[in-house]
Amino acid sequence: MRCILNSRNAVAEFNRRGMLAALALAAFFVSGDLLRAANPQLTNTLPRGGQRGTEVKVELIGDRIADAQEVVFHYPGITAKDLKVVDPKKVEVTLVIAPDARLGEHHLRLRCAGGMTYARNFWVSQFPNVAEVEPNDDFAAPQLVPMNVTIEGEAKPEETDYYKVAAKKGDRLTVEVEGLRINSRGQAMAIDPAIAIFDSKRFELAVSDDSALLRQDPVASILVPEDGEYIIEVRDAAFQGNGRYRVHVGNQPRPAGIFPAGGKAGSEVEFTLLGDPKGEFKQKVKLPAEPTESFEVFGQQGNLLAASGNKIRVVTYDNVLEKEPNNTPQEATVGGALPQAFNGVLSEAGDTDYFKFTAKKGERFRIRALANKIGTPVDTVLFVYDATGRAIGNSDDADGSSDSRFDFTAPADGEFSVRVKDMLDRGGPEYAYRIETEAYTPGILVTMPDMVRNDTQFLKQFDIPQGGYYAMSVNLSRQNFGGDLAFEMPKLPAGVELVNGGPIPKNLSTFPILLKAAPTAPIAGGMFALNAKNIDPAGPAVTGSFQQQLDFVRGEPNGTLYYSTSVNALPVSVVEAAPFTVTIDTPKVPIVRDGTMQLKVRAQRQPGFEKKITVRLIWSPPGISNPATMTFNEKDTEVLYELNANANAELGKWKITMMAESETDKGKVVTATPFTEISVEEPFVSMKMSMGNVSQGNKGEIVAALEQIRPFDGQADVQIFGLPAKSESQVLKVTKDQAELHIPVVAADDTPVGQHKNLFCTLVIMQNGEPITHRVGMGGILRVDPKPKAPATPAPAPAADPKKAAVAATPAPAKPLSRLEQLRQEAQKQAGEKK
C-alpha cells in the first residue's frame, strides 16, 4: 500500500505636496471601493464544475446582473446556451462542455449590457457530478457514492462530511480536492480543506492537508488493502471554513511528480510520471509549438486521467536528463553549451546532483532551479562552480518562492558545473526538479498596475460606452533591449478602435491606452489580445503580450494571496451609452518646468442627468504631478484640474486622458476623455532671491536676480508667496529685458520676528489669452527684526538737601594708623632721605 502524504507548504508642491499625494492616494482607494461595489458582479457558480462531454445547468450568482446577455470564456472547450435572468442576483444558463475540453480550471465572465464582471473559475472533470446529501456528518452514517465521481459539496464551520465507497483489493483509490481554489473569495468565505481515507474499522490509511502539487488543496492516493467499504472524510482543516468543494473520488492515477519537468517547444517528449501508488509509468506527449510556463501533463492509465495535471515548462532549448550516479563533480552528468535544461530527481534523502556545461567568456545566463513552480516538494539550493571546483555563486530562495536563481556570467572560456540539493536534504521518488539556463534575450512584459490594494481585476474590464472611450495605464518592461514601442490590438469588437497615443518613448515604462467605441457600435464583447512591439528599426523585432494576474483567493493575515492564476487577454466590451461625456480643453500654452497649469475639464450631460462626476488622470507625463481626483458637483459642467511640473519634467508633447465615473440609476458608469495634447517646455524666466530684511512696523524689500531663458512678449506678473503672517507685498510687473526685481515688503507691528523660509514667487506670462505660470525664486528667506526701541530720556536730578550737603562738605576725620603702617611709613621716609 502506498499513499501520498505531504506536509504544509505555506506558501511636490514642496512638503505640502507630499502630504496631498498621500491624502489623494487614500481618497483614490476609497473611491475605488465605491466603484467596485457598483459594477456587475459575479460571485460564484452552482455547481462549481461539470463533466466534459455533457451539458450542465448552472446558476450564476452575483449582483446587478439583471441585464446579463452572454457568458464569456477565456479558453475554448465550453459554450453557453439558454441564458435566463432570474433576478438581479441570479442568472441561469446551460454550459455545453466539449468532449475534448481540457480538464481542470477554466475562466468565465458574465457580460451584461452595463459591463463585464470579474473573471471566476469553473472546473471540468472526467467524472459526473454527485451532489452532497445532508446529513452526512456522522462517520457511522456516511453518504454512499459510487467510484469515479466528482462530489459537489459544502464545508461548514465545525462540520465534517463523510462519504463511503466500495473498493477492491489492489485497486487504486484516489481522493483529490478542489476546495480553496474554487471559491474565488476571501478567507472568511472559503475553506482550507483536509481529507482522510479510513477503512470500515476507522483505521486511518491516508491523510492530507496541503500538498506540494496542489498547495492548500489536498490529495491522497492508496492501493486498496482489502475488498470492502472505505470512508472518505472531508472538512476544513481548522473546522472554521465555509465554502464549496469538489472531491474527485475514483481509480484515477495520481502521479505526484513528472520527469523531465519540461521540454522543447514542438517536440514529442516521453515523460515518466512519478509517485503514483501503482508505481511510475511513462507517457508520450506532443508539446505546444510556442514556449509556455503553464502547460500540464495529465497522467493517463487506461481511460482514466489524473484529475489535475503535472506542471511542465515548454522552452526553446533541449533537455539534459541526469544519469546516475551524478552525486560528485567527477560523476557529473555531461551537458553542452548553454542554453540547456537539466532535469533530475533527488530520489533519496541526502541526494545531490551535478551537471556539467560549457560557456565562453562574457556569456550571460540566468540559471533557475525550479520545483515549487512545478508542484514538487524540493526546496532547491543551487551552486555553480568552475572547472577547478571553485565556487562562483549560489542561491537558495529567490523571486518570492523556495526556488533558486543565479545570474551567471562566464569568467573565462571553459567547463563549469551546477549542483542542486534540497535545503533539508530530503528526497523521494516525487522530488523532481528542473534547472533552466535562460539567455538574456530581448522581451517585453506587458501588464497593468493594480488600481486598488489586493484586487488585480479592478478597472481592468474595458467596458466602453457607445460613443465613448475607456482608458487605462499600461506597464511596459523592456528586457535586454531599449527602444520606442507601440500598442497593437489585432482584433476588437465591431465598432471599437485603438486610439493612437503616439509612440511610447524608450525611457518610459508606463503609458496610457485608449479605446473608442462608435455611437452605433453593437453591444457585445469578448477577450482580446493586447500587444506591445518594438518600433525602433535598429532594434530587435520584439513583441510582448499582455498578461493579467487573477488573484482569486486572499485572506488573513493582511490579505495574503493563497491562489492566483493568469490570463493573456483583455476583456473588452461595448456597453450602453453613458448619460454624460467628459472632455479636456486643449491648452493653448505650454506647461513649463517648475510651473503649473489649470486644465479645463468639461462635462456634457444628457438632459435631466444631475449626478456628481469624478475624474482622474490615469497617467501623467514624466515629472508631472496632479490631484488623484476632482469632482463635478451635481449640476457642474466645468472643473479646473491642476498640473504641476517639477524642475526635471520631460520636455515634449504628450497625449493625456482622464477616466470619468458617475453613479447612475443603473449603477456606476465609467468612461474616459479623448486624448488631449499638452506641451512641456523650458521656463521663460528664472529667479534667485537674496535674503530680504524688514523690521516690525516698517517697510523692507527683497532683491531678486532675474535670468531671461527665453524671450517673451509684454509684461509678466510676479507675486510673492510664503510671507509671514501680518506682512504683505504687491503684484509687480517685469519684462524680458529686466535683470533685477525689488520686491517690497510691509510688516505690521506684530509680524512674527525671525527668519521666514521657503518663499517663492509665481511669474505669469499671458500667451494666446491663457496664463503660463512659473514658480520661481524657490527657497527665498525674509528676516523680520524686532521693532526698534526709542532712546531712553534721563530722569531729572533731585534737589540738594542743605543739611546733607553740609555734612558732605565736612572732611571726614583721618583714620588712625596701625603700628605696622607707622613703621612702614618711617622706613619709606628714611630711604628717601638717604637718596
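**Salt bridges in a predicted model**

Reader: Which residue forms a salt bridge with R366, the closest N and O atoms being 2.6 Å apart?

Author: A quick note first: this is a predicted model, where local features need pLDDT of at least 70 and side-chain atom pairs count only at pLDDT 80 or more, while totals for chains, interfaces and linings use all residues. Residues are numbered from 1 along each chain as its sequence is written, and side-chain values use heavy atoms, with hydrogens and water left out. A salt bridge here puts a side-chain nitrogen of Lys or Arg within 4 Å of a carboxyl oxygen of Asp or Glu. With the closest N and O atoms 2.6 Å apart, the partner of R366 is D407.

Reader: How many residues apart are R366 and D407?

Author: R366 sits in strand β32 (residues 364–370) and D407 in strand β35 (residues 404–409). Strands are DSSP runs of E, at least two residues, numbered from the N terminus. The pair links distant parts of the chain, and the separation is 41 residues.

Reader: Is D407 buried or partly exposed?

Author: Buried means under 20% relative accessible area, exposed over 50%, and partly exposed in between (1.4 Å probe, protein chains only). D407 comes in at 32% relative accessibility, so the label is partly exposed.

Reader: Which residues do salt bridges that share partners join into one network with D407?

Author: D407 also pairs with R405, the closest N and O atoms being 3.8 Å apart. Salt bridges that share partners join D407 into one network with R366, R368, D399, R405 and E438.

Technical notes
Helix = DSSP H or I, 4+ residues; strand = E, 2+ residues; numbered from the N terminus.
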